[in-house]
Amino acid sequence: MSDRVSFTIDGTRVEAFRSQSIMDAAMESGVYIPRLCHVPGLDPWGSCRVCTVKVNGRFSTACTQPAMTGLTVENDTEELNDLRRDLVEMLFVGGNHFCMSCEKSGNCELQAMGYRLGITAPLHPYLHPDRDVDASHPDIMLDHNRCILCARCVRTSRDLDGKQVFDFVNRGSDRRIAIDPGARLKDSDADVTDRALDACPVGALLRKREGFRVPVGEREYDHVAIGEEDGVDPVSDLWDES
Amino acid sequence: MTQVKTEKVRIATTSLAGCFGCHMSLLDIDERILQLAELVEFHKSPVVDRKTFQERCAVGLIEGGCCNAENVETLRAFRDQCDILVSVGDCATMGGIPALRNLVPLEECLREAFLDGPSTVNPTGRPPDDPELPLLLDKVYPCHEVVRVDYHLPGCPPSADALWAALQALLTGAEPTLPYPLLKYD
Ligand code: SF4
Ligand code: SF4
Ligand code: FES
């Protein structure tokens, strides 16, 4: 049995190894599937659902679904982008996101996903959950208000830093990132050089005294949409239509 | 935009629970303001200091969300009197900075501001309660949670270019869709 498989994404033929996920195969072929919790090199997690595609007509998360020969994958369709818009809006209203005063603004993947999908205002009711900030560590800050529970810090700390600084506690809407039960960041072996800090897609895990270093206009997503970092101008200038 | 209009489009603007920053950003369109003056007539708006609606307006621009009963009343009047209502700025679209108080119970907020704050001197021993003062709402609400809103223009404030682009579209009857670099939440 060949270890190569071949399938289509929005009609484009994509080749993959048998063990690869649809997401990884798409990334290798230069096809962008929106994602927040997935990072190449980490084990798939499947929590954000932003990578939801239709595989042979059924909804499935591209980062957890294995590639197989003969699959027909829909990705960049109105139906799926509408769904993603809802998911991203829910991530906004489920936390406390005040972008105007956030150090991550302009470099934040959640915000960038909002821009890419053209969200002008989340219309779901705001939950304003009661969450705290752990600023106990001299060099690192953890703001639970902005955490999207993507586990990128958990997986990076465990698999790349060789530590286990982060994990989850509680369930449902009470779920949150925790350091050893009851402990604060200063009591952990978290260090300012940990790659886990770079893994956070939002402004939840931050190095202190680094905020606002890059001026507005030069930040990662100021001019280029997420998923289009390789230079292609992403979102069509809708303005010209009018 | 070069088209010649015989009749100016009537627009209304207001600042609810906002800081007037969005209005300042509108003034920031520089010399385009002359062009704007030829195209629109400001009706009820702080720009011309008119306090009430005398006529219907084509477009209403709302800065700020709703933090008190008077904001709600004004917003409802705008919905009644404007054909198209636009939430302008993060306070109007998502509550913005004033909505930071939503993370703290109202009573605790008032206590900190007027009774227990380290720099507070308040011989009355109670929060201001003059009947002239509008009653605070339990929370700060984005405009679309109070009335139907047609379009949202985020930003803190939306840049002058974003406002200009949106106005241009609205005045030509088009949907105000922003090009990528002008859609910002900060
Ligand atoms: S984490 Fe991102 S979305 Fe949340 S407030 Fe900061 S910039 Fe905005
Ligand atoms: S702290 Fe950041 S990386 Fe960790 S789960 Fe929250 S959002 Fe994800
Ligand atoms: S990227 Fe697949 S579920 Fe988050």
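This note goes through a predicted model, point by point.

1. **Shell of ligand 1.** In chain A, ligand 1 is surrounded by A:Phe92, A:His97, A:Phe98, A:Cys99, A:Cys102, A:Ser105, A:Cys108, A:Leu110, A:Gln111, A:Arg146, A:Val202 and A:Gly203. By class, the shell splits into seven nonpolar, four polar and one charged residues.

2. **Shell of ligand 2.** The residues around ligand 2 include four cysteines: A:Cys147, A:Cys150, A:Cys153 and A:Cys200. A:Ile148, A:Leu149, A:Ala151, A:Arg152, A:Ile177, A:Pro201, A:Val202 and A:Ala204 also surround ligand 2. The class count here is eleven nonpolar, no polar and one charged residues. A:Val202 is listed around ligand 1 and around ligand 2.

3. **Salt bridges in chain A.** Over all chains, the structure holds 22 salt bridges. Side chains of opposite charge can pair when their charged atoms come close. One of these pairs is A:Arg207 with A:Asp198, where the closest N and O atoms are 2.9 Å apart. A:Arg207 is partly exposed, as its relative accessible area is 23%. Another pair is A:Asp187 with A:Lys186, with the closest N and O atoms 3.3 Å apart. A:Asp187 is also partly exposed, at a relative accessible area of 47%.

4. **The pair A:Arg213 and A:Glu210.** These two residues form a salt bridge, and their closest N and O atoms are 3.6 Å apart. A:Glu210 has a relative accessible area of 40%, so it counts as partly exposed.

5. A:Glu103, A:Asp143 and A:Arg146 are joined into one network by salt bridges that share partners. A:Arg146 is also among the residues around ligand 1.

6. **Strand S3 of chain B.** Strand S3 covers residues 57–63 of chain B. Why is S3(B) described as largely enclosed by the rest of the structure? Six of its seven residues are buried, so the strand is largely enclosed. Buried here means under 20% relative accessible area.

7. **Partners of S3(B).** Strand S1 (residues 9–15) of chain B runs parallel to S3(B), and five bridges join them. B:Ser15 has B:Glu63 in S3(B) as its bridge partner. Strand S5 (residues 82–88) of chain B also runs parallel to S3(B), joined by six bridges. There, B:Cys57 has B:Cys82 in S5(B) as its bridge partner.

8. **A nonpolar surface patch.** Which residues form the nonpolar patch on the surface of chain B? They are B:Met24, B:Leu27, B:Ile33 and B:Leu34, with about 390 Å² of accessible area together. The elements that give two or more residues to the patch are helix H1 (21–27) and helix H2 (32–39) of chain B. B:Met24 sits in helix H1. With a relative accessible area of 52%, B:Met24 is exposed. The cut-off for exposed is over 50%.

9. **B:Glu70 in helix H3.** Where is B:Glu70 placed? It lies in helix H3 (residues 69–81) of chain B. B:Glu70 is partly exposed, with a relative accessible area of 47%. In sequence, B:Glu70 and B:Leu133 are 63 residues apart. In space, they are 9.0 Å apart, C-alpha to C-alpha.

Technical notes. Residues are numbered from 1 along each chain as its sequence is written. Chains are lettered from A and ligands numbered from 1 in the order in which they are written. This is a predicted model: local features need pLDDT of at least 70, side-chain atom pairs count only at pLDDT 80 or more; totals for chains, interfaces and linings use all residues. Side-chain values use heavy atoms; hydrogens and water are left out. A residue is near a molecule or strand if one of its heavy atoms lies within 4 Å of it. Ala, Val, Leu, Ile, Met, Phe, Trp, Tyr, Cys and Pro count as nonpolar, Asp, Glu, Lys and Arg as charged, and the others, Gly among them, as polar. Buried means under 20% relative accessible area, exposed over 50%, partly exposed in between (1.4 Å probe, protein chains only). Helices (H or I, at least four residues) and strands (E, at least two) are DSSP runs, numbered from the N terminus. Two strands pair if DSSP finds at least two bridges between them. Patches are made of residues with over 30% relative accessible area and no salt bridge: like charges are joined within 9 Å, nonpolar side chains (Val, Leu, Ile, Met, Phe, Trp, Tyr) within 5 Å. Accessible areas come from the Shrake-Rupley method with a 1.4 Å probe; for residues, only the protein chains shown count as cover. A salt bridge is a side-chain nitrogen of Lys or Arg within 4 Å of a carboxyl oxygen of Asp or Glu.
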